[in-house]
Amino acid sequence: MSGERQESTHGDTDTSSPAAGGGRWLHSDDVAGVVILVFVGVVAAITTTFDEVPAALSQGIPPEQFPRILVVVIALLVVTMIVQSRLRREGPRKRVPMMVLFTACLLVVFVVLIDWIGMMAAMLGFCVALPLLWGEKRFLWVGLYAALFPACIYLLFSMLLGVRLPLGLFMG
Amino acid sequence: MEIFSTLASILLDPYMLLVILAGTVGGVLVGVLPGLSSTMATALLLPFTVTMEPIPAISLLAALYCAGTYGGSITAILINAPGAPPAAATALDGYPMAVRGEAGRALGIATVSSTIGGVFSVLVLIVAAPLLARIAYKFGAPEYFALALFGLSMLASISGKSSVKNLIGGAFGVLIATVGVDFTTGVERFTFGFPELTEGIHFIPVMIGLFGGSELLTQAASLNVIYKRIASVAVRLPSREDFRKVRGVIARSCGIGTFIGILPAEGGTVAAMVAYNEAKRWSKDKAEFGNGAIEGIAGPEAANNAATGGAMVPTLALGIPGSATTAVILGALMVHGLRPGPHLFNEQPHLLYSIFVAMLVANVMFMGLGMLGAKVFARVTLIPRTFLWPSVFALAVVGSYALTQSMLDVWVMLTFGLLGFLFRRYGFSPAPIIMGLILGELVENSLKQSLLIFDHNWLLFFERPIVVMFFVLTLAGLFGPFLYQHLVSGFMKNRRGTLDE
C-alpha cells in the first residue's frame, strides 16, 4: 500500500483498535480541550476591557455580548468533545517528527528576515534552506531554483502587478 | 436568453477563453498534485486576481474550481493518492483497475463521468440560482440570521466522525470575525492597539495559512512517503457496454452531488462518499467494489463534479458558501466590491451569466484536456516535493503581503499556518474555521439588526415562518449526524444479533 496517505478525522491517533491504549488516563482531546478552554477564558477576560459604549448608541446588543455568547458556545462544545473522547478508546499518539519543528522554525525565520533583509533576499535564502533541510542533494538544481524562482516572483509581482515588495531595513 | 448571448460573447472573446483555459489547466494541475487542493489554489490565486476585472477574475477561479475537482481523479487512479479530497472515493476502485492494466479505461470513465456531472450541475445552477435568489430577495435580517445559523449547523456533518470539532472550528471562525470595530457602536474589539486590525482580520491570509502553510508542515511530516506510480496509457473513451453499465449510476450521482452541493458547507468530498455508497448499494455485483468496479469510479466522479455547480447555488443566490472553495470565491466577489446574494442578480446579471458560462466551458475543456493530456498531467507528480512546497509557501507569503501590502497579513498567514497544523493534528478540519470566518459578520450583524427590529423580543423570531423553517433545519443539521450514528450503531447491533441467532 505504498503511496497511501489518508488523514484521520481524529488527528494522528489510532482509534480503531479497541485493545490499544484502552486504559490511558489522558486522552488527546483532553489536551486540546484544556487549551481551548484556557483560550476562551482569556478571550472572555479581554471582553471586559472593551471601551464603554456612548449612551446614544447603547440601544443594541453591547459589543462584548456576541463574543461572550461565542465563548459560552465553544466551552459547551469543548465539554461535549471531552465527554465523547472519554467514551472512545484511543491508541497511542504518533510523535511529530523533528522535521516538522525544524520546518516551522524555518518558516518563522523566513518571515522575520523579510523585515530585516527584504522579501527577495529572504526568499532566496528560504529557497536554498528548505530544499536542503528536506534532504535535497542535487545542489546545482537547488542553486538554479533559488536563483530563478525568486526572480520569477519579482517579475510577476513587482513588474507586472506593481506590488512594492519590502526592501528590508538595510535596503529600505 | 441572456445565457446564450453571454455564451456567444465568451466563446468569441479570445481573452476570456484564454482565462478559462488557464483556470482549467491550472485546476487540473493542482488537482493532480497530492496535497494541493482547489481550495488552496483559489486562495493562493486570489491576490493575483485583485488587479483583474471582476468577470475574468471570478471566471478564472470558477474554472479552476471545476477542473481541480476533476484533476484529483488522475492521481487517485494512477498513484492511489487522491490529488484532492473529493477524489478519495475514486481511488478505491480506480487504483485496482490501474494495477490490472486498465488505467486508460478507468481514466476515461472518470473523465466522462466528471464532465457529465459538472455540466448537469451547471445547468441546475442556471435554473435554480435565480429562482432561489428571487425567494431570498424577500429575506430580512431575521431570515438571514436563521439562514447563516443553518449554514453553520451544516458544519456538523462535513465529516461524520468529528461533528463537535467541526462546530468548534466554525464557532472559532465566527469569533475571529468579531475582531475589529463593532459596526453598531464603533467600539474596537481584540485590536490590541494595531490600527491594521480595526477593519478586522482579513480572511484571505487566514485561508492561505490554514490551507497552504499547514499543508506544508503536514508534508514535512511525511517526507518518507514514496508514491508507487502506475505507468499511464492513453485514455480511452468508455465503450458502449461500459457506458450502459454506468449510466444509471451517473444519473443518480448527478442528482446526489448537486443536492449535497446545494446544502451549505457540504462539498464534493461528502457527495463523492455518498454517491460511492449508493453505487455499491444499487449494484448487482457488490463484491466487485474495491477491486476495480467501473461504477465505483463513475459514481463519485459524477457526484463530486456535480457538487461544484450545486455549491455555487447558495454561494451566489444567498451569499452562503456551499463548500470551502466557494467560500474563497465568495471572498473574491467581496474583494472585487460585489455583494454576493440576491441583489447580485439584479445588479450584476452579466457577471453571473459569465460565471455560469465559464463553468460550463471549463467542464468541456477539462474533458478535452483529460482525454488528450492525462498522461502529461500525471507526470506533474514527478516534481520533487523539495522544490514544490518551498514555492507554495513563498507564493503564500507574497500573496498574503500583496493584498494590502502589509507585513501584518504575512504574520496572520504564518500564525494560521502553524495553528492549522496543530488543528489538523488534533482532528480539527480547517474548512469549518473558514466557513465561520466568512459567515461570522453576517451572523452577528443580522442578529443585531433583528433584535433592533424586534425591540429585543427574541420570541418574535418564531412568528416568521421562514425563520422557523431554518431553525428546524438547523436543529436537524446539528443533531442529524449524532442521530445517524446512533441509528447506524443500533442497526449494526441488531444485524449482529440476527446473524448470531
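In which handedness of crossing does α5(B) pass α6(B)? Hold that thought while we get our bearings. This is a predicted model, in which local features need pLDDT of at least 70, side-chain atom pairs count only at pLDDT 80 or more, and totals for chains, interfaces and linings use all residues. Residues are numbered from 1 along each chain as its sequence is written, while chains are lettered from A and ligands numbered from 1 in the order in which they are written.

Start with confidence. The model as a whole scores ipTM 0.84 and pTM 0.82. For single residues there is pLDDT, the predictor's confidence in each residue on a scale from 0 to 100. Chain B has a mean pLDDT of 85, with 93% of its residues at 70 or more. Chain A averages 81, and 78% of its residues score at least 70. Where pLDDT is low, the predicted coordinates should not be read in detail.

Now for chain B, which has 19 helices and two strands. Along its principal axes, the C-alpha trace of chain B spans about 65 × 60 × 55 Å.

Back to the opening pair. The axes of α5 (residues 88-99) and α6 (residues 103-136) of chain B come within 7 Å and cross at roughly 150°. Axes here are lines fitted to C-alpha atoms, for helices over the stretch in contact, and angles run from 0 to 180 degrees between N-to-C directions. That makes α5(B) roughly antiparallel to α6(B) (under 35 degrees is roughly parallel, over 145 roughly antiparallel, 65 to 115 roughly perpendicular, the rest oblique). And the answer: α5(B) passes α6(B) in a right-handed crossing. Right-handed means that the near helix is turned clockwise from the far one by less than a right angle, left-handed that it is turned anticlockwise.

Next, the axes of α16(B) and α17(B) come within 7 Å and cross at roughly 140°. That makes α16(B) oblique to α17(B), and their crossing is right-handed. By contrast, α7(B) passes α18(B) in a left-handed crossing.

Finally, look at where the chains meet. The contact takes 55 residues from chain B and 58 residues from chain A, two residues being in contact if their C-beta atoms, placed from the backbone, lie within 7 Å. On the chain B side, elements giving two or more residues include α8 (163-177), α17 (407-425) and α18 (430-453). The largest share of that side, nine residues, comes from α16(B). By class, the side of chain B that touches chain A has 33 nonpolar, 13 polar and nine charged residues. Ala, Val, Leu, Ile, Met, Phe, Trp, Tyr, Cys and Pro count as nonpolar, Asp, Glu, Lys and Arg as charged, and the others, Gly among them, as polar.

Note on methods
Helix = DSSP H or I, 4+ residues; strand = E, 2+ residues; numbered from the N terminus.
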